[in-house]
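Please keep the model open while going through them.

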Amino acid sequence: MANFTLILKEHKIVADGTDFYAFVKPADFTFEAGQYVAMMVSHLVAPDNRAGVRSLSISSAPYEEHLHFTMRTGESGFKQTMAALKPGDTVAVTKAIGHFTLSQAADGLPIVFLVGGIGITPVRSILKQAAHEENERSFTVLYSNRFVKDATFHEELKNVKLKNFQYVTTLSQDTMPCSGGNEERGYICESMVRKYVSDVQGVWFYIVGGPAFVEAMEKMLSDMGVTKERQVSDPFTGLTGAPKK
Ligand SMILES: Cc1cc2nc3c(=O)[nH]c(=O)nc-3n(C[C@H](O)[C@H](O)[C@H](O)COP(=O)(O)OP(=O)(O)OC[C@H]3O[C@@H](n4cnc5c(N)ncnc54)[C@H](O)[C@@H]3O)c2cc1C
């Protein structure tokens, strides 16, 4: 199954209950921003219900030096084995696959990302690559988390250097008042989308997160009259919820 061996360079925590792994990128590994791999760990430190294999989006951009993966911490054998890796240890991955890429929307219309939690991983890759290429297309991100401490890459994304860029965070559990620009409370809903997207029929919606989130967003867009043809979805099958508190 696996085509590439990756050598771990660095492991760190980047948000509450969220692990970041950087690997040396093999010279012949290529991918399009937004794609994912199947990763396999060997020498499981605990039993695993899925034989040590998980699908993971690549959170780094193609132009970046290393290959990054960012995942919610968990108790599964796979996650425990990942957490025990030391620099120099290896994992195996397939070649990159997946359609959650800008190739799906080659017409240049604005892109609106609806993101639930750790679904931000392919979005970071796409935005960083777009900034690197000085892409002048319009990008909007509506990024939903329970609390700001769960919002992976928050500081970095706030400061992405894109010419036409709106970055909006919404916190579903935070009871503190909003601290200012482009901050919301509650779940992503129709009025929130319309507040930041003036012409919902004239954009592409890219939806990514756990299956329940993606399903809820698809229903909302369908109720708003947005056609399926302008939606690209990436449900993180297997992801069951927000990190433990
Ligand atoms: C295209 C795609 C891209 C994805 N990209 C990402 C990504 O970038 N980042 C990311 O985090 N996820 C991503 N996922 C989801 C990922 O593949 C996993 O399904 C997810 O991270 C959950 O894996 P897990 O090992 O924690 O839980 P699983 O083993 O799948 O278990 C499901 C639930 O059971 C619990 N559980 C499992 N074993 C135990 C145990 N022994 N004791 C107690 N509880 C247990 C887990 O905590 C979890 O809540 C992606 C999925 C797809 C399909």
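Predicted model: local features only at pLDDT ≥ 70, side-chain atom pairs only at ≥ 80, totals over all residues.

1. The shell around the ligand. The shell around the ligand draws at least three residues from each of domain 1 (4–93) and domain 2 (102–235). Of the 23 residues around the ligand, the nearest are Ser55, Met71, Gly74, Ser76 and Gly238. Two or more residues of this shell are given by each of strand S4 (53–57), strand S5 (67–72) and helix H1 (77–84). S4 provides the largest share, with 4 residues.

2. The domain assignment of the chain gives domain 1, residues 4–93, and domain 2, residues 102–235. Their centres, taken over C-alpha atoms, are separated by 24 Å. Domain 1 contributes 18 residues to the contact, and domain 2 contributes 14 residues. On the side of domain 1 that touches domain 2, strand S1 (4–15) and S5 each supply at least two residues. The largest share of that side, 3 residues, comes from S5. In class, the residues of that side are 8 nonpolar, 6 polar and 4 charged. The reader may note that S5 also gives two or more residues to the shell around the ligand.

3. Is Phe78 buried or exposed? A residue counts as buried if 20 or more other C-beta atoms lie within 10 Å of its own. Phe78 has 25 such atoms within 10 Å and is therefore buried. This residue is found in helix H1. Leaving aside residues up to four places away in sequence, Phe78 touches Val41, Asp48, Arg50, Gly52 and Arg54. Leu114 lies 36 residues from Phe78 along the chain, and the C-alpha atoms of the two are separated by 28 Å.

4. Helix H2. Helix H2 comprises 13 residues, 120–132. At 1.5 Å a residue, H2 should span 18 Å, and its end C-alpha atoms are 18 Å apart, so expectation and model agree. Of its 13 residues, 11 are buried, so H2 is largely enclosed by the rest of the structure. The buried residues of H2 include the charged Arg124 and Lys128, as well as Ile120, Val123, Ile126 and Leu127.

5. Most residues other than glycine have a negative phi. Which residue with a positive phi follows H2? That residue is Glu134, which is not a glycine and has a phi near 55 degrees. Glu134 is found in the loop between H2 and strand S8 (138–145). With 9 C-beta neighbours inside 10 Å, Glu134 counts as exposed. Phe153 also has a positive phi, of about 65 degrees, although it is not a glycine. The place of Phe153 is in the loop between S8 and helix H3 (154–158). Phe153 is buried, because 21 other C-beta atoms lie within 10 Å.

6. Helix H5. Helix H5 covers residues 211–223; its 13 residues should span 18 Å at 1.5 Å a residue, and the distance of 18 Å between its end C-alpha atoms agrees. Where do the buried residues of H5 lie around its axis? Phe213, Val214, Met217 and Leu221 are buried. Seen down the axis, the buried residues of H5 fall within an arc of 95 degrees, so they line one face of the helix. An α-helix has 3.6 residues a turn, so residues three or four places apart point the same way. The buried residues of H5 pack against strand S7 (111–116), strand S11 (204–209) and strand S12 (231–235). The face turned away from the buried side of H5 carries the exposed residues Lys219, Ser222 and Asp223.

7. After helix H5. H5 is followed by Gly225, whose phi is positive, near 85 degrees. Met224 is found in the loop between H5 and S12. With 14 C-beta neighbours inside 10 Å, Met224 counts as partly exposed. Met224 touches Glu190 and Val200, when residues up to four places away in sequence are not counted. Arg194 is 30 residues from Met224 in sequence, and their C-alpha atoms are 9.8 Å apart in space.

Methods
Residues numbered from 1 in each chain as written. Near = placed C-beta within 6 Å. Domains from an automatic or database assignment. Expected span 1.5 Å × (residues − 1). Buried ≥ 20, exposed ≤ 12 C-beta atoms within 10 Å, placed from the backbone. Arc of directions from axis to C-beta. Contact = placed C-beta atoms within 7 Å.
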